[in-house]
Amino acid sequence: MRESITIALIIGSLRKDSINRKFAEYVVSQMPSGVTINEVNIADLPLYNQDYDGTTIDSYERVRQQLKAADAVLIVTPEHNRTMPAALKNVIDIASRPYKQSIWTDKKVAVMTASPSSYGGINSGLDVRKSMQMLSAQMMIRPEVHLSRATDSLNEDGSVSERTQKYLQKFVEAFVEFAAMADSRDADSNNVGRTGA
């Protein structure tokens, strides 16, 4: 177990008053001491284009370095048209390139979704998992968090309701344990040559 943990936080919504940001901020507030949270700003990223692989784009390099330095990544996202938002897919693609330099390989990742709809953004979460599986990330399986009718989980002042706080606390505890867990593959890294990802 690590004594200190660095978490990269990606919020899939660009909206200023995003309900997903409210839930993300609550989760961050419940992290124990020793956990550092660095939000990855995805609003200023140009759309990924393979032609950029041979060039240096400052915003691309910034997010790649933030994700590379993190012990784990937490994605908190809404659902847009039954899939993940375009801005979230964009940062996933950016961090997967250039070829054989993907940041996602073996990276610990957890996703939680929230939506005003009755489905809770579950399709978005499943599509994030599908992309991460293809990219060989280590996904946290349980507990799954897909907050349906998410506006009902917020008080009038925008704070998270007491009932939802208890639910999210279980997620925080599981995620911190997941992020701190020693990777069994680390023990083999000195014996196995690895060339890129």
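**Reading the labels on a predicted model**

Visitor: Why is Ala180 called buried?
Guide: This is a predicted model, and in it Ala180 has a relative accessible area of 3%. Ala180 belongs to helix H5, which covers residues 162-180.

Visitor: What is the C-alpha separation of Ala180 and Thr6?
Guide: Their C-alpha atoms are 9.4 Å from each other, although 174 residues of chain separate the two positions.

Visitor: Why does Ile122 count as partly exposed?
Guide: Its relative accessibility is 32%. Partly exposed is the range between the buried limit of 20% and the exposed limit of 50%, so 32% puts Ile122 there. You will find Ile122 in helix H4, residues 122-134.

Visitor: Which residues make the nonpolar surface patch?
Guide: Ile122 takes part, together with Tyr119 and Leu126, and the patch comes to about 280 Å².

Visitor: How do you know that the buried residues of H1 line one face of the helix?
Guide: Helix H1 spans residues 19-29, and its buried residues are Ile19, Asn20, Phe23, Ala24, Tyr26 and Val27. Viewed down the helix axis, they fall within an arc of 160 degrees, so they line one face.

Visitor: And what do those buried residues pack against?
Guide: Their partners are strands E1 (5-11), E3 (72-77), E4 (108-114) and E6 (145-147), along with H5.

Visitor: What is found at the start of H1?
Guide: There, a side-chain oxygen of Ser18 comes within 3.1 Å of the backbone nitrogen of Asn20. The limit for a polar contact is 3.5 Å, so this pair qualifies.

Notes. Residues are numbered from 1 along each chain as its sequence is written. This is a predicted model: local features need pLDDT of at least 70, side-chain atom pairs count only at pLDDT 80 or more; totals for chains, interfaces and linings use all residues. Side-chain values use heavy atoms; hydrogens and water are left out. Helices (H or I, at least four residues) and strands (E, at least two) are DSSP runs, numbered from the N terminus. Buried means under 20% relative accessible area, exposed over 50%, partly exposed in between (1.4 Å probe, protein chains only). Patches are made of residues with over 30% relative accessible area and no salt bridge: like charges are joined within 9 Å, nonpolar side chains (Val, Leu, Ile, Met, Phe, Trp, Tyr) within 5 Å. Accessible areas come from the Shrake-Rupley method with a 1.4 Å probe; for residues, only the protein chains shown count as cover. A salt bridge is a side-chain nitrogen of Lys or Arg within 4 Å of a carboxyl oxygen of Asp or Glu. The arc is that of the directions from the helix axis to the C-beta atoms. Contact means heavy atoms within 4.5 Å. A polar contact is a pair of N or O atoms within 3.5 Å; within protein, one must be able to donate a hydrogen and the other to accept it, and residues adjacent in sequence count only if both atoms are side-chain atoms.
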